[in-house]
Amino acid sequence: MSLFNLGDKAYLMLANGRIFEGYSFGAKGTAYGEVVFSTSMTGYEEALSDPSNYGQILTQTFPLIGNYGVNDEDYESSKLHASGYVVREWCSAPSNFRCQGDIDAFLKKHNVVGIHTIDTRALTRLIREEGAMNGVITTENVYEKKDELLKKVQEFRIENAIKAVTCEKAEKFEAENAQYDVVIYDLGCKNSFRDAFLKKGCNVTVVPAGTSADEVMALSPDGVVISNGAGNPEENAEVIAEIKKLSEKKVPMFALGLGHQMTALAAGGKTAKLKYGHRGANQPVLDVKYGNTYVTAQNTGYTIVNDSITADMGEITHRNANEGNCEGIRYKNFPCITVQFPPEFCGGPKVTAYIFEEFAELMKAYKEVK
Amino acid sequence: MPLRNDIKKVLVIGSGPIVIGQAAEFDYAGTQACRALKQEGLEVVLINSNPATIMTDKAMADKVYIEPLTLDVVKKIIEIEKPDSVLSTLGGQTGLTLSMQLAKEGFLDKHGVKLLGADPETIDKAEDRQSFKDAMEKIGEPCIPSKVVETLEDAVDFANNEIGYPVIVRPAFTLGGTGGGIAYDEAELRDIATNGLRLSPITQVLIEKCISGWKEIEFEVIRDRKGNAITVCSMENFDPVGVHTGDSIVVAPAVTLTDKEYSMLRNAALNIVNELKVEGGCNCQFALNPKSFEYAVIEVNPRVSRSSALASKATGYPIAKVASKIAIGYTLDEIVNAVTGNTYACFEPSVDYLVVKFPKWAFDKFVYAKRTLGTQMMATGEVMSIGTSFEHAIMKAVRSIELGLDTMNLKKLKDLPDEEIRSRLYNVDDERAFVVFEALKRGISVEEINDITKIDCWFISKLKNLVDLEAWLADGELTEEKYDIAKRYGYLDSTIERISGKKCPKHKSAVFKMVDTCAGEFKAETPYFYSTFDEENEAKEFLEKKNTGKKKIIVFGSGPIRIGQGIEFDYCSVHCVWALKEMGYEAVICNNNPETVSTDFDTGDRLYFDPLTKEDVASILETEKPDGVVVQFGGQTAIKLTRHLADLGANILGTSPDSIDAAEDRERFDELLNKCGIPRPAGHTVMNEEEALKAAQELGYPVLMRPSYVLGGQNMIIAHSDQDIVEYMEIISRGGLENPVLIDKYMMGKEVEVDAICDGTDYLIPGIMEHVERAGIHSGDSISVYPAMTLTKKIRETIIEYTKRLALELKVIGLVNIQYVVYDNEVYVIEVNPRSSRTVPYISKVTGVPMVDIATKIMFGETLKQQGYESGLYKEADYIAVKVPVFSFAKLHDVDTALGPEMKSTGETLGIAKTFEDAVYKGLIGAGYDLKTKKGGGVLITVRDTDKQEILYVAEKFERLGFTIYATSGTASILNKNMIAANVVRRVSEAEPNVMTLLDEGKIDYVISTSSKGRLPALDSVKIRRKTVERSICCLTAIDTANAVADILAMGKDIDDIDMIDVTKI
């Protein structure tokens, strides 16, 4: 953006009627969504394309977005899932050797409505105090149609999120020197998560969330992975039922993010909505067993209710170091490890790589019996 | 597990005098460390030779030794105090090196002392070139590929087949890298390497992959003994690899890295600290190829550093405090994040602003210094600014740096032709950012500038935005929209009006946002703010919510550390804040220096991290609505704000603006002196060379010259001849002479300095200081002795009387510093500064008179009497204290080391002892003098004609000590005539072996050089003095200093003969 030619006006209106005036970037139009914020200072391209952000108007707390442009390699999925994008300032002269375009064109291409030059810190503090709430970004004059827009904002729900983000049909990815065959149950799987398994020597078959437990087992996997994903975990009774069935097959399971939450639901646990979610690259997680604390990247609006995980069900292996919420479980009655955070994000810290190793051990044992 | 139970008493080693590369950041780190340790109930013993620091305050430790930081002294203190542990990682390289020596010699083991913070193995792995390379190789972290070769063919083979071009050729053991260079292809390599091999005395060159032009990225990491590790902050240098990070503009967080690159380097940083098993803070520097994912580890510092101070202030994460807690056994998940109060230290800060650090150099002072930046740091200090964009932050930084700028436009570049600007882009110097800005104005493209400078296009484009914005402002009507946008990007109203040539259509004040470590994710309690142009004012909300009903007082800090305005002023500001808090006021700090204790968010009740200009402080006043403001502790930076603050209607506590003006305005000052019946050296005010020559001839040489309006550099000289006047007037009128030049008769008398406190009725002089060197050497560069040793009773009484008259007549409320010269038994006033001074910290510590506290209380009406002090000179302390200046000449090329009226020292040490001689001895040892008399040592003497009589006396002392005397022909002839055997040495310009050869041969221990015909690097005398810097030979440029050194040598003392003094007992 040019410092002195900020573009056309755009507005962000929240469900509580608060209006932020800014300027348009990305696609023109009107977009509804749940307004959330992410404190990550890098990785905007990944965030926009992360299926977990389906239906959300994503706010970046870091004020300068688009500095290194966008490229074809860092997508987390084939399209953008956030419904709207809120930044303080976007960069029209990005600089990076892999840069293939700027964020404005990128949003236009993927038809995501954005707004810039608003006080993102004020917005963040509001969400922090009042909780994540719905909102609308529009390039139309918000004052003229305030009531109409507000009604729609209040009615907005993120529904059928998994259906919207899961793959259409099963697809197989071959690893070099594969040791295991893994099926990923796609609730909105990030490419980086899938690729992590490939790098670990697992052939991966990604299957749509509608796939039944029997169909999964028919692929004869050494392990089943329930991916991260979008929306409220509780709203997916059918998928939860299939996860429950899978658990009964005693096939080694691993789950991440939404998968972690839905596995808990399948096992009889409960989930709850967080006031404003955990979105950022600096969530500290305590490893209960080893006593270490790790900094993890998270992107969730929900959490597992601590008390709902009883000792009979399994042990809580990880907790959020700030709030104490359950962020990792090792189940007792079936071979399953779940965590809230990607153990290796985007080639990220290797410190939590041991979680993969534990899963691999489960698969190894299973394979031997199998 | 929390605190280790085998730790009860900890020795903390400080970093010693301020030198370039090791400055106030270690006072900040050390102070945090001491406080953290004391909070845990540990007994803290502190040693630091620097008296200007806050860490050497009584309140900071149980025992405080202001003693030389040498191995012998530290051992002695360990023997006296018997601590069970030593904390090694918070006193810079000095503290670390001493700790390692103690450990390696087995001294610590022998005395049952544990080393906290880092074990010797970690340090070795980080500091030893080969061990470091091996350690990095083991964990697969790339270093800059290099190979030592002894033949041309090996060199070519390595370049062709392993690393590719360009390569750097570094010949072994040649001075200053002679014979090296960058080769872009094989032909060039053959050329350079052949030459390099020939020049290397051992026929050896290092062939290194050339990575100049790569991005320089830093990570600040903290790790605990359990292996929890986090990165506190990433930083990106504006200047690519090749410029020391201390000399580069730096932004935090890194901005041009994709998540993949960021994660890759973050990972590497974590790998490194895990491999090195760092327990505490660590700085990791990387070079990143801007065209690929290739990177290399440049350097790792397993201790807190300047960068960690910056990272702490940039994020709000207190690295030194956390590192201290880790050192005594805590782990990251046990330490609460003091900022949010409800999260833990084991998390990575996220920021929602951009931080810019801008270095402060001394080139405005050292006009002949070589300004080229390289791998050796040259900046004396820095400022930090926080903004919502790069443009916003750099605009704030540039007006904080005190170069008289409020935009990136540098006046002297304005009239240069385009081609000159283009060619100056190739110069890597302190002005490069301004040259880039000017180049953009001339229409040189972002790409071309990037091609020449390798500065990332991101930064250049941001500067281009400012260029475009300024053009837009200048074009047509100044609309409200234009005004709003200019404000958002950091322009002051006055700047907008100047650029647009129009009145601002309205005025908008800044609001304040909080620095909270978490980008707003959690509710924070930190009262740490920076200004923006948004709607919400978090500072205002904070004030409303936390209304304590207490009165609010703002203390203005002293800005960047520079020669002449150093850490002493931070000491004073912090003490004022503490006094205010104790008195039940809310103390608010405004400052912009990230290295200091004052900008620690829990020093004051609130911290505003912003530039100290009229408009910036106006916004702060508007939000805070303070009951009073304090300017007298923040040096000239704060004093300069006085008039503006008065205009804004602020209640200026202490000495009134009118009195401050009376001391600063030449005419009013003369009037005041007349009224008080106090003489001052005769002088004139001149505007051009002709007038200057006339005035000087009338006064008679030598004369003292200085600009009447001091900005940045002092630029003061003693002129001995017409020629000096011509040279000086040329230098000072380069930028156009706007203010007159003052010419005073120079009186080479005894210089005496007094710091006094006055409540309007009574006055207190805690102590009178006398300088070893006679007037003509800046008080900051003189060896200063408390109490004055050689004054007659009459002179002493005159000084007390004059001080009283001046303080009362000027209506000083608080501190005043007065400098006198005693010449022919007459006392003259040279200077009166109605504010705190450089000497306040040390006089406070030695006399036990808490000067800043008393002055602060006086500002609120509590008289000296009420505080229990009588008028007059305070009783003399039982100790003699000698302040010795410390210089950073090795870091500054082409700077003449001769002392004069312009200050050159960067820091100081203190010697405290029962006798004068012992105190001087300690002071000199602390300042790095090697006072061991060597049989058969040599002294080279080369002095100007006027000194030739006096030198006899000194030369004789050296001769009696057994030194061989060498001298240049003029000096030698006078020595020999007076029966002092001196060997004649050929001049620099004469054939070898000459004086330079002699210095190179290592036969000389001391050089006494006073020849002063100017400061041009081409002069013989300057060349000799520079040679002594290169060769680390002690060079004395005042007869008085040489005389003092000779006396101390004659005592033949050893540090073992002298008692160590715990200053908390004073």
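1. A residue counts as buried if 20 or more other C-beta atoms lie within 10 Å of its own, exposed if 12 or fewer, and partly exposed in between, with C-beta atoms placed from the backbone. By that rule, helix 19 (residues 538–545) of chain B has the buried residues Glu538(B), Ala539(B) and Leu543(B). They span an arc of only 140° around the axis, which puts them on the same side of helix 19 of chain B. The arc is that of the directions from the helix axis to the C-beta atoms. Helices (H or I, at least four residues) and strands (E, at least two) are DSSP runs, numbered from the N terminus.

2. A word on the source. This is a predicted model, where local features need pLDDT of at least 70, side-chain atom pairs count only at pLDDT 80 or more, and totals for chains, interfaces and linings use all residues. Residues are numbered from 1 along each chain as its sequence is written, while chains are lettered from A and ligands numbered from 1 in the order in which they are written.

3. Back to helix 19 of chain B. The face turned away from its buried side carries the exposed residues Glu544(B) and Lys545(B). The cover over its buried residues includes strand 17 (511–514), strand 18 (528–532) and helix 21 (614–624) of chain B.

4. Helix 27 (residues 722–732) of chain B buries Asp724(B), Ile725(B), Tyr728(B) and Met729(B). Their arc around the axis is only 125°, which puts them on the same side of helix 27 of chain B. Gln723(B) and Glu730(B) are exposed on the face turned away from the buried side. Among the elements covering the buried residues are helix 26 (689–699), strand 24 (703–707) and strand 25 (717–719) of chain B. As background, an α-helix has 3.6 residues a turn, so residues three or four places apart point the same way.

5. Helix 14 (residues 432–441) of chain B packs on helix 16 (residues 457–474) of chain B at about 60°, with axes 9 Å apart. Axes are lines fitted to C-alpha atoms, for helices over the stretch in contact, and angles run from 0 to 180 degrees between N-to-C directions. The pair is therefore oblique; angles under 35 degrees count as roughly parallel, over 145 as roughly antiparallel, 65 to 115 as roughly perpendicular and the rest as oblique. Helix 14 contributes Val436(B), Phe437(B), Leu440(B) and Lys441(B), and helix 16 contributes Ile460(B), Leu463(B), Lys464(B) and Val467(B). Contact here means C-beta atoms, placed from the backbone, within 7 Å.

6. Helix 16 of chain B also meets helix 18 (residues 493–500) of chain B. Their axes come within 7 Å and cross at roughly 65°. That makes the two roughly perpendicular. Glu470(B), Leu473(B) and Ala474(B) of helix 16 meet Ile496(B), Ile499(B) and Ser500(B) of helix 18.

7. The contact between the chains takes 50 residues from chain B and 43 residues from chain A. On the chain B side, helix 9 (259–276) and helix 16 are the elements giving two or more residues.

8. Arg225(B) sits in the loop between strand 10 (215–223) and strand 11 (229–237) of chain B. It has 16 C-beta neighbours inside 10 Å and so counts as partly exposed. Not counting residues up to four places away in sequence, Arg225(B) touches Glu279(B) and Thr331(B). Arg225(B) and Asp1059(B) are 834 residues apart in sequence and 38 Å apart in space, C-alpha to C-alpha.

Methods. Two residues are in contact if their C-beta atoms, placed from the backbone, lie within 7 Å.
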